[in-house]
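Open the model in your viewer and keep the selection tool at hand. The tour below goes from stop to stop, saying what to select and what is there.

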Amino acid sequence: MSTLEFRTAIRDALAEELERDPSVIFFGEDVAVAGGVFKATPDLYKRFGPDRVFDTPISELALAGAAYGAAVTGLRPVFEVMFGDFMALAMDSLVNQAAKFWYISNEQGTVPLVVRSAVGAGGRFGAIHSQTHGTWYQGVPGLKIAFPSSPAEAKGLLKGAIRDDNPVVFLEHKRLYSVKGPPPEPGQEVIELGRARIAREGADLTIVSVGKGVPDALAAADRLSELGISAEVVDLRTLRPLDLPTVLESVARTNRILAVEEGPRTGGWASGLVGAVAEEGLHDLDDAWILATAETPIPYSPTLEDAFLPQAEAIADSVAGRLGVAAPAR
Amino acid sequence: MARLHSPEQQDATGAFLEAYGRMLLIRQFEAAMHRLFLRGEVHGTTHLYAGQEAVAVGVCMTLEPSDWVAGTYRGHGHALAKGTEPEPLIAEMLGRATGVCGGRAGSMNVIDIEHGLVGCYGIVGGSIAAGLGAAMSAQREGRVAAAFFGDGATNQAYFHEGMNLAAVRSLPLLFVCENNLYAEFTPMAQATAGADIAGRAAAYGMPSAVVDGNDLWAVREAAAEAVGRARAGDGPTLLECRTYRHYGHSKSDPAPYRTKQEVEEWLERDPLRIARARLLEQGLAEQQIAAVEDTISAELDQAVERALAAPYPDPAADAATEFSS
């Protein structure tokens with residue numbers, strides 16, 4: 001069976017959408033000739049030419065503005081903001097213009113743009129090249145936020161994001177770029193945004209996560225099965241819209257929810273999700289908790305950074321402890 | 001309202017008479033907004049364009065209906081100059097259901113895609129960002145885009161990043177700076193380094209000009225040259241149009257920081273007075289001009305009346321959705 005690397009999935013999704021729709025353009029810093037600092041976009045420049053795939057100045061503010069202006073005037077721009085941390089610079093046009101346009105224009109038009117960034121910790125990049133900016137944008141009506149967990153999901157969600165008429169913030173976890181996995185299954189080549197997925201079925205609890213948290217939760221579920229604990233894993237795929245019905249349906253069967261977030265609990269998506277589950281599904285709940293990161297910036301030193309992250313072992317330990325089962329053997 | 005046509009398309013004096021009518025429409029529109037604000041019909045705040053009419057109208061005279069414009073929060077003039085109908089624009093100010101944005105946008109954020117107005121921007125410099133993207137679209141289609149902004153915006157990153165990006169991509173974009181000498185309440189000399197704003201273009205290898213922003217003919221001529229360059233694929237231009245706002249920055253600002261003498265000097269150079277005198281010089285009869293003035297006044301009065309009679313949006317019937325599906 002053929003396998004697909006995550007970074008190739010990103011490249012293929014872009015290539016297929018550039019091929020399919022002449023209004024799609026792609027730009028960013030070092031994305032064209034160099035093919036991206038994470039080597040996710042090689043050869044697109046050669047194939048589609050400098051009018052449609054181009055390198056830009058280091059001007060995140062202007063790039064976001066240009067993408068917004070291009071999107072409301074007929075193009076479907078995809079642009080890369082190299083590290084998610086730099087998305088603080090791109091915020092104005094995304095939050096104050098792109099997210100508002102559909103509503104305040106009284107639906108005169110849409111804003112079909114996608115902004116892709118590498119996110120997440122574990123790469124020893126330090127506090128300001130390791131953040132996951134999805135939640136910075138989560139409280140903004142009008143924006144969608146997608147965060148794939150595997151190569152197949154990356155391809156399907158990116159194609160879905162490019163075809164979506166709304167502005168999409170697209171997160172790619174750095175530690176997934178080299179992951180290989182099966183290509184999309186038939187019917188999953190394009191994934192509509194806003195639908196969560198049951199990544200593993202189970203009976204005793206529901207572990208909800210997104211992005212890199214999903215493979216971590218799946219690895220934890222393997223360990224937990226050795227202890228006789230059957231964990232269901234829900235891959236949210238998008239943080240906004242948040243697919244609450246799929247989570248509630250899962251919790252109705254398992255009666256426990258653990259939300260695993262690579263990011264601080266305060267203001268994070270996990271606390272919002274668990275709150276919503278309590279509000280809508282309290283009668284189904286025996287337990288609900290969150291595994292998030294400390295309320296500090298992300299550390300650099302390998303020992304500190306590894307301890308900081310909610311990795312598979314930490315997830316399994318947390319579940320075992322919470323359920324009163326001896327911790328899994330290391 | 002009739003569309004503005006470039007003078008090449010019809011008798012030049014006739015085009016300027018039409019443009020004068022559009023300037024007068026903006027002036028009277030803003031006077032009406034001032035009155036309606038004091039009556040509590042215009043909500044929140046509003047930023048009036050009176051005094052700067054020659055800039056928007058002079059630039060838009062050189063644009064086609066399919067070209068794009070991005071305006072500022074002082075944007076009523078930009079919208080009217082590009083072709084937005086007065087009645088839905090007034091209704092938008094009044095928060096009525098018949099507003100150009102259904103009452104969802106308000107004074108600072110008007111959008112009118114049908115008439116090529118990408119938007120108006122409450123964040124200083126936002127129009128430059130939108131203009132960049134509109135110019136990317138325009139570049140493919142032989143169209144051009146114009147971004148209006150004030151002198152205050154030239155100290156935003158949007159201005160510098162936008163000038164650079166437009167220059168390296170050779171975008172068909174007019175950077176139209178309306179230098180009204182004050183960044184909100186702060187005089188230009190205290191906030192903006194260097195002798196002039198046009199000079200900043202040299203750093204980006206971009207052509208620029210200082211233009212008398214109260215002279216419709218001067219603005220039109222400079223804009224026509226810039227539009228010609230943009231359409232020919234020769235990239236962006238920065239126009240620094242020196243002008244003056246007749247009201248304060250916003251409705252909460254009586255502008256005590258301006259001297260009486262300065263205000264009087266600028267009122268002497270009122271762009272409408274200059275344009276009217278020029279039309280007479282060019283041989284138009286007093287009655288021809290008066291006829292246009294009467295028509296504009298009557299149209300605006302009717303538009304105000306109809307907008308005031310329009311309903312407010314009904315929250316119970318509001319079918320707003322977060323996303324386009």
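Predicted model: local features only at pLDDT ≥ 70, side-chain atom pairs only at ≥ 80, totals over all residues.

Does A:Asn106 count as buried, exposed or partly exposed? With 18 C-beta neighbours inside 10 Å, A:Asn106 counts as partly exposed, because a residue needs 20 or more to be buried and 12 or fewer to be exposed. A:Asn106 sits in the loop between α4 and β5 (114–119) of chain A. Its phi is near 60 degrees, a positive value in a residue that is not glycine. Most residues other than glycine have a negative phi.

**Two helices of chain A**

Now select helix α3 of chain A, residues 60–71. This helix has twelve residues, and from its first C-alpha to its last it reaches 16 Å, close to the 16 Å expected at 1.5 Å a residue. Colour α3(A) by burial: twelve of its twelve residues are buried, so the helix is largely enclosed by the rest of the structure. Among the buried residues are A:Glu60, A:Leu63 and A:Tyr68.

The crossing of α3(A) past α4(A) is right-handed. To see the contact, show A:Leu61, A:Ala64, A:Gly65 and A:Tyr68 on α3(A), then A:Asp92, A:Ser93, A:Leu94, A:Gln97 and A:Ala98 on α4(A). By class, the residues of this contact are five nonpolar, three polar and one charged.

**A buried phenylalanine**

Go to A:Phe27, which lies in strand β2 (residues 24–28) of chain A. A:Phe27 has 21 C-beta neighbours inside 10 Å and so counts as buried. Which residues does A:Phe27 touch, leaving aside its neighbours within four places in sequence? They are A:Phe54, A:Thr56 and A:Phe79. For a distance to check in the viewer, pick the C-alpha atoms of A:Phe27 and A:Glu192. These residues are 165 residues apart along the chain, and the two atoms are separated by 23 Å.

**A cis bond and the helices after it**

Select A:Arg240 and A:Pro241 together. The peptide bond that joins them is cis, with omega about 0 degrees. Most peptide bonds are trans. A:Pro241 belongs to the loop between β12 (238–240) and α7 of chain A.

From there, select helix α7 (residues 244–254) and helix α8 (residues 269–281) of chain A. They pack at an angle of about 65 degrees, with their axes 10 Å apart. Their crossing is right-handed. On the α7(A) side the contact is made by A:Leu244, A:Val247, A:Leu248, A:Val251 and A:Ala252, and on the α8(A) side by A:Leu273, A:Ala276, A:Val277, A:Glu280 and A:Gly281. Those residues divide into eight nonpolar, one polar and one charged.

**Across to chain B**

Show both chains. How many residues of chain B are in contact with chain A? There are 30, and they meet 32 residues of chain A. On chain B, α5 (126–141) and α6 (157–168) each supply at least two residues of the side that touches chain A. The most comes from α5(B), with nine residues. The residues of that side of chain B are 18 nonpolar, nine polar and three charged.

Keep α5(B) selected. Its 16 residues should span 22 Å at 1.5 Å a residue, and its end C-alpha atoms are 23 Å apart, which agrees. The helix is mostly covered, with 14 of its 16 residues buried. After α5(B) comes B:Gly142, whose phi is positive, near 70 degrees.

Next, select helix α1 (residues 12–38) and helix α2 (residues 53–60) of chain B. Their axes come within 9 Å and cross at roughly 140 degrees, which makes α1(B) oblique to α2(B). The contact involves residues including B:Met23 and B:Ile26 of α1(B) and B:Val57 of α2(B). Its classes are five nonpolar, no polar and three charged.

**Last stop**

Finish at B:Ala255, in the loop between β8 (237–242) and α9 (260–268) of chain B. Phi of B:Ala255 is near 60 degrees, a positive value in a residue other than glycine. With 13 C-beta neighbours inside 10 Å, B:Ala255 counts as partly exposed.

Technical notes. Residues numbered from 1 in each chain as written. Chains lettered and ligands numbered in written order. Contact = placed C-beta atoms within 7 Å. Helix = DSSP H or I, 4+ residues; strand = E, 2+ residues; numbered from the N terminus. Nonpolar A, V, L, I, M, F, W, Y, C, P; charged D, E, K, R; others polar. Expected span 1.5 Å × (residues − 1). Axes fitted to C-alpha atoms, helices over the stretch in contact; angles between N-to-C directions. Parallel < 35°, antiparallel > 145°, perpendicular 65-115°, else oblique. Left-handed = near helix turned anticlockwise from the far one by under 90°.
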